[in-house]
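Biologist: Could you put the model up, so that we can go through some side-chain contacts together?

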Amino acid sequence: MLIRLPILAALVAITLLATTPAALYSQSSATSPVSGVLVNGTQRGAIPANATVLLHQFGADAGSVDTYETTTDADGAFRFDDVPPTPENGSMAVVAIYGGTRYSEVLSPSETSNPVSLTVYELTRDVGVVATTEQSIIVAGIDTATRLMAAVQLFTLENRSDTTLVPDLSAPPIIGQFSFLRFSLPADATNLDVSTDLVGGEVIPVGTGFAITAPVQPGRHQVSFTFTVPYDGDTLAWRDNTLQGAESLRLLIPDEFGNIGVGGLPAQESLTLGEITYRVWGTENLAPGAGVDLQLSGLPEPSWITKLGNPLSEARFWYGAMPIIVAVALAALLVWGVWCRPTETAA
C-alpha cells in the first residue's frame, strides 16, 4: 500500500498534465457569433437592407487586424459566424457602409456577447444642416524679423438634422451653392495645416480658402487649422467670410504680444487659459456668409538692427561700405588736422 499511493498520485498528475493543454486549447480556439442590426436614425428613413457591414478585430499587438464582411437582411440585421475570441487587450469595430458614408462603433470584448445596434442616416446635399456653434481665431505667434503672424482657427460644428451631409463632387456646384464645408483664409496665407475628427474626404482649395469633402454625420464635430500670413508695416487686414455662419466668434491675442489694436469686432473681457492671458474680441449670431472685416494694427515691427540683419559678415557689405568708411575717415582726419594746426603769431 505504501508503494501504490505514490504511483496513483503520479498517474493522476500525468493525466492532468496531458489533459490540461488540450482543454485550454479547446477553450482558446472556441468561436462565437457577433450579431446586430442597423437602425435608420432619419425619420421615415428606409430599412437599411442589403447594406455592407464590416467587422474589424484588433489584436493586442499593434497593427494586428482581421476583417470579416457580411450584408444586412431585409430587416437590417447582420451576423458574423465563427468569430475567434478577441484578446483581452484587443477590441472590435463594427462598420456599416450606408448612403455613401461609413458608420462605426468600437466594442470591447465583453460587449460582443450582446447584439450590436448601429444607427445610420439618410444623406442630404444641403450644407445648411451644419452650423458653426463656436469659432475662435487665436494669434499663436509673431515673427517680428519677417513680419509673419501665425494663427490658429478652432471650429465646433454641429449637424442638428437627422441626415448626414454627403458632398456631391460628381457635378459642379451651382454658383453660390456648395454641398461641402468651406473655410475662409487671408489672401496671402501659407503653411496651411488642417485637423478634424471628420472621417474620409479631402482638403481641397476653394477660392481664397479651402473645403473639406468629408461626410458630416448628425452631432458635434471639431475642425482646426493653422496658417501663417505676412503683414505690411504694423497692420494686417482680412475678411473672414463665416461661410457656415457662427453663433459665437472670438478673436484672442495673448497679452505678451503687446497692445495690438483690433477693428471689426467689439472688445470683450480678457480670458486666462493656463498661464496665458488673452485679450478678447467677439460677436454673436453671424449668418452664413455675413462675414467680418478684421483689422489688426500696432503689430510689432523689426528693430533697425533686425532690418539690417547681420551684414557685417557678408562680403557685399564691405564692397558697398568701404568707400563710405574711407570717405568718413578722410573727413575725420581733415577736421582733426584743421583743429590741431598751430596758430601762427605775428612777428
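Modeller: Let me start with the rule for a salt bridge: a side-chain nitrogen of Lys or Arg has to lie within 4 Å of a carboxyl oxygen of Asp or Glu. By this rule the count comes to seven salt bridges. This is a predicted model, in which local features need pLDDT of at least 70 and side-chain atom pairs count only at pLDDT 80 or more, while totals for chains, interfaces and linings use all residues. Residues are numbered from 1 along each chain as its sequence is written, and side-chain values use heavy atoms, with hydrogens and water left out.

Biologist: Which residue does E301 meet in a salt bridge?

Modeller: The partner of E301 is R147, at 3.0 Å from N to O. The pair links distant parts of the chain, 154 residues apart, with E301 in the loop between β22 (292–297) and α2 (304–308) and R147 in the loop between β9 (130–143) and β10; helices (H or I, at least four residues) and strands (E, at least two) are DSSP runs, numbered from the N terminus.

Biologist: And is E158 buried or exposed?

Modeller: E158 counts as buried, because its relative accessibility is 18% and the cut-off for buried is under 20% relative accessible area, with exposed over 50% and partly exposed in between (1.4 Å probe, protein chains only). E158 forms a salt bridge with R160, the closest N and O atoms being 3.4 Å apart, and salt bridges that share partners join E158, R160, R220 and E247 into one network.

Biologist: Switching to rings, how many aromatic pairs does a search of the whole structure find?

Modeller: The search finds eight, where rings of Phe, Tyr and Trp (its six-membered ring) pair if their centres lie within 6.5 Å, and planes under 30 degrees apart count as stacked, over 60 as edge-to-face and the rest as tilted. One of the pairs is Y103 with Y121, which is tilted, at 6.0 Å centre to centre and 50 degrees between the planes. Y103 lies in strand β6 (residues 101–107) and Y121 in the loop between β7 (116–120) and β8 (122–124), so this pair ties together parts that are 18 residues apart in sequence.

Biologist: Why is the pair of F155 and F225 stacked?

Modeller: Their planes are at 20 degrees, with the ring centres 5.9 Å apart, so the pair counts as stacked. F155 is in strand β10 (residues 148–159) and F225 in strand β16 (residues 219–230), 70 residues apart. F155 is buried at 6% relative accessible area, and F225 is buried at 1%.

Biologist: Which cluster do they belong to?

Modeller: Ring pairs link F155 and F225 with F183, F210 and F227 into a cluster.
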